[in-house]
Amino acid sequence: MKKIALIVFSVFLVIGCKKNTNTNPVAIESASITHLSDLKGTEFFASPDNTLTGKNAIYCASLPYAWTRIGETIGGEITVSDSFPQLQRLNEHSFFVKNVFTNIDYKTTTHINELTEAIEVSASFSKQLPFEYPMDNYNGDFVFNGTKVEAFCIRGGEYEFRADILEYNSDSDFIVRLNPKDPKHEILIWMPSKRPQTLEAAIQHVVYTLNKPSTAEEIEKEVLKTKFNELDLLVIPKIDFDIDYDYPELINNTFTTQSGKKPHTVAQVYQHTKFRLDEKGAEVQSEAAIAVDSIVPAKPKRMFVNKPFLLLLRSDTINPYLAVWLENTELFLVKK
């Protein structure tokens, strides 16, 4: 009889809102969950090197982390042929999740059925990251891609600590950081002048910008450019989504490991990601399951995040545990 090895990975991450008590690692009972097939302008990325196509793009580290656990559990380095490019990308980018869960409490469990050789691997983690004080609702009309959506805002000033301007080229090209109460975590937003080619390129731009070496003169100029003055205004759309996806492009892909003589076949992939960002803070929850067979502006800055932008959540590491490219309003709270 053909033996099936089942690798199940579940991740629960909550930031700034009440904790979800659902413990089922695969099937989440919630009427609010939307399957990705019901959204025409949003896609899930198993790895961040996929091309941005003019749609929203969601990448969460739960899936590649699950993939690393497969190699650790079955044993040996995973090899994927060029015939399965999507699985190959996932495999090659497994390093992307190394240490991304730093400063987040999480646990993993592994169960091996000696009779059927089924393997179950699960992991969970959670983190609360509210703002020290809530920001303000934006009461004016805020339009993103032609649609009025709900937004929150913050003005600068000497004592403002909830947000920082990290790079400012113009009102249409800037990077800002929202600072939650926990100083070891950050929410980064980059609104570029034009769309990057891939999500990975967008992430790398932000990471490089925040870590690039600079001379004392360059640092002084940048400080003047990025000072968050009292007349400056930052407005951000509220984001709210709860989506699951089963990655049909990965099903029936095969791979081998150093410890195995026969190839393994991906039988099932599932990922659920929930995220909300508003004036109070952010909330994100994700789980995944994989089954296999074995210069200073002359005027005040007006930074309205009203065109495509990148949003990252990360801890004290280079790479993020959540990356979302926002291209349309499917994932926003639309104004009634």
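**Sheets, ring pairs and salt bridges in a predicted model**

Helix α3 (residues 199-211) lies across β4 (56-60), β12, β13 (173-178), β14 (186-191), β21 and β22, and runs at about 65° to β21. Contact here means heavy atoms within 4.5 Å; axes are lines fitted to C-alpha atoms, for helices over the stretch in contact, with angles from 0 to 180 degrees between N-to-C directions. Helices (H or I, at least four residues) and strands (E, at least two) are DSSP runs, numbered from the N terminus. The model is a predicted one, in which local features need pLDDT of at least 70 and side-chain atom pairs count only at pLDDT 80 or more, while totals for chains, interfaces and linings use all residues. Residues are numbered from 1 along each chain as its sequence is written, and side-chain values use heavy atoms, with hydrogens and water left out.

The strands under discussion belong to an open sheet of seven, ordered β3-β4-β22-β21-β14-β13-β12, with mixed pairing; two strands pair if DSSP finds at least two bridges between them. At the edges sit β3 (42-44) and β12 (163-170), each pairing on one side only. On average, neighbouring strands of this sheet are turned by 10° against each other, direction ignored. Within the sheet, β21 (residues 309-314) and β22 (residues 322-326) pair in the antiparallel sense over five bridges, and Leu311 stands opposite Val324 in β22.

Next comes strand β11 (residues 151-155). Four of its five residues are buried, where buried means under 20% relative accessible area, exposed over 50% and partly exposed in between (1.4 Å probe, protein chains only). Facing residues include Asn137 opposite Phe152 in β11, and Cys153 opposite Val235 in β15.

As for the loop between β4 and α1, Ala61 is found there and counts as buried at 0% relative accessibility. Leaving aside residues up to four places away in sequence, Ala61 touches Val97, Val100, Phe101 and Tyr321. Ala61 and Val100 are 39 residues apart in sequence but 7.9 Å apart in space, C-alpha to C-alpha. Ser286, in strand β19 (residues 281-293), is also buried, at 2% relative accessible area. The Ser286 side chain makes a polar contact with the side chain of Ser62 at 2.7 Å and reaches the backbone oxygen of His272 at 3.3 Å. A polar contact is a pair of N or O atoms within 3.5 Å; within protein, one must be able to donate a hydrogen and the other to accept it, and residues adjacent in sequence count only if both atoms are side-chain atoms.

On the aromatic side, the structure holds 13 pairs. Rings of Phe, Tyr and Trp (its six-membered ring) pair if their centres lie within 6.5 Å; planes under 30 degrees apart count as stacked, over 60 as edge-to-face and the rest as tilted. For Trp67 and Phe255, the centres are 5.0 Å apart and the planes at 65°, so this pair is edge-to-face. Trp67 lies in helix α1 (residues 62-74) and Phe255 in strand β17 (residues 254-257), so the pair ties together parts 188 residues apart in sequence. Trp67 is buried at 2% relative accessible area, and Phe255 is buried at 1%. Elsewhere, ring pairs link Phe44, Tyr245 and Tyr247 into a cluster.

A search of the whole structure turns up 14 salt bridges, each a side-chain nitrogen of Lys or Arg within 4 Å of a carboxyl oxygen of Asp or Glu. One of them joins Glu327 and Arg195, with the closest N and O atoms 2.8 Å apart; Glu327 is buried at 10%, whereas Arg195 is partly exposed at 40%. Arg276 forms a salt bridge with Asp240, at 3.2 Å between the closest N and O atoms. That pair links distant parts of the chain, Arg276 in β18 (residues 264-278) and Asp240 in β16, 36 residues apart. Arg276 also meets Asp278 in a salt bridge (3.0 Å, N to O), and Asp278 is buried, with a relative accessible area of 8%. Salt bridges that share partners join Asp164, Arg177, Glu186 and Arg314 into one network.
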